[in-house]
Amino acid sequence: MVQSRDLAVRFEAYADWRRRLSTAISSLHEWLNEQDLADAQVDMKVQQLLERLHQDKLVVAFVAEFSRGKSELINAIFFSEFGQRLLPSSAGRTTMCPTELLYDAGRPPSIRLLPIETRLKDATVAEFKNYADEWMTIPLDLASAERMSEVLGRVSQVKTVPVELARKYGLFDEGDDLIASLDRKDEGSIDIPCWRHAVINFPHPLLQQGLVILDTPGLNAIGTEPELTLSHLPHAHALLFILSADAGVTKSDLEVWNDYLAGEDAATKAGRIVILNKIDGLWDELRTSAEIEAEIDRQVKQTAQMLDVPASQVYAVSAQKGLLAKVNGDDALLARSKLPQLEQALSRKLIP
């Protein structure tokens, strides 16, 4: 199986650095005790340092409007070794609620789902994480990728509710592009996400080493969950904004970027990585490779100009072809998908 090792190797090196630093701090503490140089304040400081190293996480946030291939990109980068898609990635709406992928050794492999009804209660998602009874917990069968994929598909569930109830949940706005795209059963009802938040606890090697993936489904989820913009997204170590080459930069894409992601200073923008996905839609057998590359380069420059970022921060890829190439061991297709360049850029930006 073809697998880009750069990201995994850098994460392994980072995890090893944390382990060695933790050992060195413990050794220093032991020496201080032997020399009668330690006291309660030193003991507390050392414990805080060790705890911080133990709990240290690297957060990568994926943000995109619907149908940009965000879930497919996560599958391609992190889960190709399973030989199939783990996160739902079919046409149309896939991830319908903010989803965290992480590993907590204190919990069994599972997906925890916070019902949308909790929007009517006076508590944040962070506070609800302390109330286990509020969540639906479904175990993951690690022996079956197919069964895992089926369970993880829960993040795409929707339900039909009266418009008035959707309005109470803060999920109805007549002028919202997402609302316009949802299935209307009739004028008095509408489909809304079943879940407010999802947490997937999964023993993937990178997640075990402290990686946390935040999967955020677009303007509607960001706009209705203030925690995402006030806490989660600003604290992400890397933020990937996914666009689609077949759609270009749409009005809703620009709203997400300008309202929540761009930032006012150059340093903030420098921490953003823009992904122009689905470049395989530009592959045309009637055009030469040079012509296709020129078209991709033109779209990259146009995207960079619209978002006011350097073209070097925009990466054109095909997540679907990249995943297919990794599963089938096709080096040529993987290179053409340009996924390895993105993975290398991600590791260079994230680890430092």
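## A friendly first look at the chain

In this predicted model, residues 24 or more positions apart account for 77% of the contacts (heavy atoms within 4.5 Å) in the chain with a separation of 6 or more. Residues are numbered from 1 along each chain as its sequence is written, and side-chain values use heavy atoms, with hydrogens and water left out. Local features need pLDDT of at least 70 and side-chain atom pairs count only at pLDDT 80 or more, while totals for chains, interfaces and linings use all residues.

Reader: How many helices and strands does the chain have?

Author: Helices (H or I, at least four residues) and strands (E, at least two) are DSSP runs, numbered from the N terminus. For this chain the secondary structure comes to 16 helices and 11 strands.

Reader: What share of the residues of the chain count as buried?

Author: Buried means under 20% relative accessible area, exposed over 50%, and partly exposed in between (1.4 Å probe, protein chains only). Of the 352 residues, the share that counts as buried is 50%.

Reader: Which kind of pair do the rings of Phe62 and Phe78 form?

Author: Rings of Phe, Tyr and Trp (its six-membered ring) pair if their centres lie within 6.5 Å; planes under 30 degrees apart count as stacked, over 60 as edge-to-face and the rest as tilted. Phe62 lies in strand S1 (residues 58-64) and Phe78 in helix H3 (residues 70-78), 16 residues apart, so the pair links distant parts of the chain. The ring centres are 6.3 Å apart and the planes stand at 80°, so the pair is edge-to-face.

Reader: Is Phe62 buried or exposed?

Author: The relative accessibility of Phe62 is 0%, so this residue counts as buried.

Reader: Over the ring of which residue does the charged end of Arg336 sit?

Author: A charge sits over a ring if NZ of Lys or CZ of Arg is within 6 Å of the ring centre and within 35 degrees of the ring normal. Arg112 does this over Trp135, 5.2 Å from the ring centre. For Arg336, the distance is 3.9 Å from the centre of the ring of Trp283.
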